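Reader: I am new to this structure. Could you take me through it in short steps?

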Amino acid sequence: MEITLLDYGAGNVRSVVNAIEKLGLQVHTAACPEDITRAEKLVFPGVGNFGSMMRVLHEKGYVEPLLEYLRADKPFFGICLGLHALFEKSLEAPDIAGLGFIAGTVRRFETQLSVPHIGWNGINIQKNSYLFNNIAEDEKFYFVHSYHVVPEDPEVVLTKTDYGESFVSSIRAGNIMATQFHPEKSGSAGLCVFRNFLEPGPESGRGAKSTRRTKLAKRIVACLDVRANDEGDLVVTKGDQYDVREKGEVRNLGKPVALARDYYGQGADEIAFLNITGFRDFPIEDLPMLEVLRQTSRHVFVPLTIGGGILGYKDANNRTWSPLEVAAEYFRSGADKVSIGSDAVYIAEKYLETGKKTGDSSIELISSVYGSQAVVISIDPRRVYVKSPDKEKHHIIKTGIPGPNGEAFCWFQCTVKGGREGRPVDAVTLARACQELGAGEILLNSIDRDGTNSGFDIELINAVSDAVSIPVIASSGAGCEEHFLEVFTRTGAEAALAAGIFHRREMPVDQVKKYLYNKVEVRRGGML
Ligand code: 1PR
């Protein structure tokens, strides 16, 4: 059986292809309107903006064959914007009509919670369907969206999900089905949904409509710091307070792709690769890193973040690369998000000095094209102790961990180039500025806690998460399960990241999740 993929040229569809190929099926990408007419099973993943998607569908002459295909009730699977496309219109682009195959509109979330809705959330099945055969009742799927569909006919609603309000998270009309969540990023449950679509079984279900409220899960992120060792091989390394050398050698804790696959199998909700010497290499020429992403995305079906060297630069041939081109290369290779470290500090400093958005910074450029959810800011702060808060320009906190000379106050100094250089800006001010510039998430490291196994820096995490409305990923210092519980119960962090305990096999991801289960909301994935 061949599956036709409708790629209208926006965003990264590699992971959808990878997921279908993982099920042993061939994918053919539609290259002309006739390919849609000829298709036997059509998958339509959508990313980006509703208006630009509809414009491209018109330009390519895809609208008519697509409508014919849908009216013929041939198997169709839409994902995210591919679901929105089926409706009459979207308030994201009210002047442009959708396909109008299903009566209803697409509306923005009306909630106090942060929008976009990003992360793993549950589904409440409303109707029996083979699409959700073999899916456990408390399974979670990966969402990333600001708009959701509002169908007129309740009969088409397959599942609902709660995020401030209850919204429709999948629909079905005959053989036409579509999900708001991303099966290609939803681990084995997502692959199961794809398989159910591709190889339909009996229309089974749980009988009654489910009415429990679904909840967004706290995420566990496995982080792989990657760099070339002295022999030139790309290895996963790990520092103690950012020093990755032991007896002069770069610590080698394993191979990036193999470790990422292990963590996926153990139930990691996301994987982050940080190219820790990216700031001094030419990232686009760093082909091994792109290859790591390509290979990982073939086997790992949760969101992948790549950081290190996301900035504009001039290569050895004097060719100038914009940060957008660098990021695009990573997205094409399988990344879902890019993480910006040093460059974010320089950008924020300039923004804070002038009060003006230039529109051409990496944060603004990448978030405007790929969406804010694709831009993570990685902050590498270090504590600076002071005797009194007076005369300080920085965001100062009263600390419960006094300094070396008994100081009761501190601020969190941002650093660049892997902690090598301290900058005048503090982490709280930086996070706020980056949010204003369009960043979608903060990855908050701590040089003081990195590799120490002594627990997350709760004071730092609270200072930053209280100052921003975008999700904060707490990082550095995890040494046992209790540290994860502490960070989720004592701070506003939406995700917790760890490296050393996973690499040194002191604790697998599933052990952390088992411990957290029933204490905080987590995704079951990977647990026995
Ligand atoms: O500045 O945009 O090129 O990005 C460089 C990226 O590399 C940044 O995200 C920066 O945090 C990271 N980085 C640079 N040097 C190091 C280093 O260790 N020498 N690693 C480094 C940062 C911190 C976390 C680590 C957690 C958890 N590593 O990634 O995984 O602290 O560790 P733990 O659980 O073992 O405590 P740019």
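Reader: Is lysine 247 buried or exposed, and what is its relative accessible area?
Author: Bear in mind that this is a predicted model. Lysine 247 sits in the loop between β16 (245–246) and β17 (249–250). A residue counts as exposed when its relative accessible area is over 50%. Lysine 247 is therefore exposed, at 84%.

Reader: What is the phi of lysine 247?
Author: Lysine 247 is not a glycine, yet its phi is positive. The value is about 50 degrees.

Reader: Where does serine 476 lie, and is it buried or exposed?
Author: Serine 476 is found in the loop between β29 and α14 (481–490). Its phi is also positive in a residue other than glycine, near 90 degrees. The cut-off for a buried residue is under 20% relative accessible area. At 6%, serine 476 is therefore buried.

Reader: Which residues come nearest to the ligand?
Author: The ligand has 24 residues around it.

Reader: Which residue has a backbone N or O atom 2.9 Å from a nitrogen atom of the ligand?
Author: Two side chains can be set aside here. Aspartate 225 has a side-chain N or O atom 2.9 Å from a nitrogen atom of the ligand. Lysine 238 has a side-chain N or O atom 3.4 Å from an oxygen atom of the ligand. The backbone atom belongs to tyrosine 242.

Reader: How much of the ligand does the protein bury?
Author: Start with the ligand taken alone. It then exposes 760 Å². Of that area, the protein buries 98%.

Reader: Which elements give two or more residues to the shell around the ligand?
Author: The ligand takes up the space of the second largest pocket. Two or more residues of its shell come from each of these elements: β14 (219–228) and β30 (495–498).

Reader: How many residues of strand β9 are buried?
Author: Side chains in a regular strand alternate between the two faces of the sheet. In β9, Lys140, Tyr142 and Val144 point one way, and Phe141, Phe143 and His145 point the other way. Both sets are buried. β9 (residues 140–145) is largely enclosed by the rest of the structure, because the buried count is six of the six.

Reader: Which residue of β9 is the bridge partner of isoleucine 118?
Author: Strand β7 (residues 117–122) runs antiparallel to β9. Six bridges join the two strands. In β9, isoleucine 118 has as its partner valine 144.

Reader: Which two residues does the cis peptide bond with omega of about 10 degrees join?
Author: Look at the loop between β6 (102–108) and β7. Proline 116 has its place there. The cis bond, with omega about 10 degrees, joins valine 115 and proline 116.

Reader: Which residue stands opposite isoleucine 442 in β29?
Author: Strand β28 (residues 441–444) runs parallel to β29, with three bridges between them. In β29, Val472 and Ala474 point one way, while Ile473 and Ser475 point the other way, and all are buried. Opposite isoleucine 442 stands valine 472.

Reader: What is the relative accessible area of serine 469?
Author: Serine 469 is in the loop between α13 (458–465) and β29 (472–475). Its C-alpha atom is 44 Å from that of alanine 39, 430 residues away along the chain. Serine 469 is partly exposed, at 49%.

Reader: How far apart in space are isoleucine 310 and glycine 341?
Author: Isoleucine 310 lies in the loop between β19 (304–307) and β20 (313–314). At 3% relative accessibility, it counts as buried. Along the sequence, isoleucine 310 and glycine 341 are 31 residues apart. From C-alpha to C-alpha, the separation is 7.9 Å.

Reader: Which glycine follows helix α7?
Author: Helix α7 covers residues 256–266. Its buried residues include Pro256, Leu259, Ala260 and Tyr263. After α7 comes a glycine with a positive phi, near 105 degrees: glycine 267.

Reader: What is the phi of glycine 334?
Author: In helix α9 (residues 323–332), the buried residues include Pro323, Val326, Ala327 and Tyr330. Glycine 334 follows α9. Its phi is positive, near 125 degrees.

Note on methods
Residues are numbered from 1 along each chain as its sequence is written. This is a predicted model: local features need pLDDT of at least 70, side-chain atom pairs count only at pLDDT 80 or more; totals for chains, interfaces and linings use all residues. Side-chain values use heavy atoms; hydrogens and water are left out. Buried means under 20% relative accessible area, exposed over 50%, partly exposed in between (1.4 Å probe, protein chains only). Helices (H or I, at least four residues) and strands (E, at least two) are DSSP runs, numbered from the N terminus. Two strands pair if DSSP finds at least two bridges between them. A residue is near a molecule or strand if one of its heavy atoms lies within 4 Å of it. A polar contact is a pair of N or O atoms within 3.5 Å; within protein, one must be able to donate a hydrogen and the other to accept it, and residues adjacent in sequence count only if both atoms are side-chain atoms. Accessible areas come from the Shrake-Rupley method with a 1.4 Å probe; for residues, only the protein chains shown count as cover. On a 1 Å grid over the protein atoms alone, a cavity is a set of points where a 1.4 Å probe fits but cannot get out, and a pocket is an open set with protein on both sides within 12 Å along at least five of seven lines; lining residues have an atom within 4 Å of a point. A molecule sits in a cavity or pocket if more than half of its atoms lie within 2 Å of its grid points.
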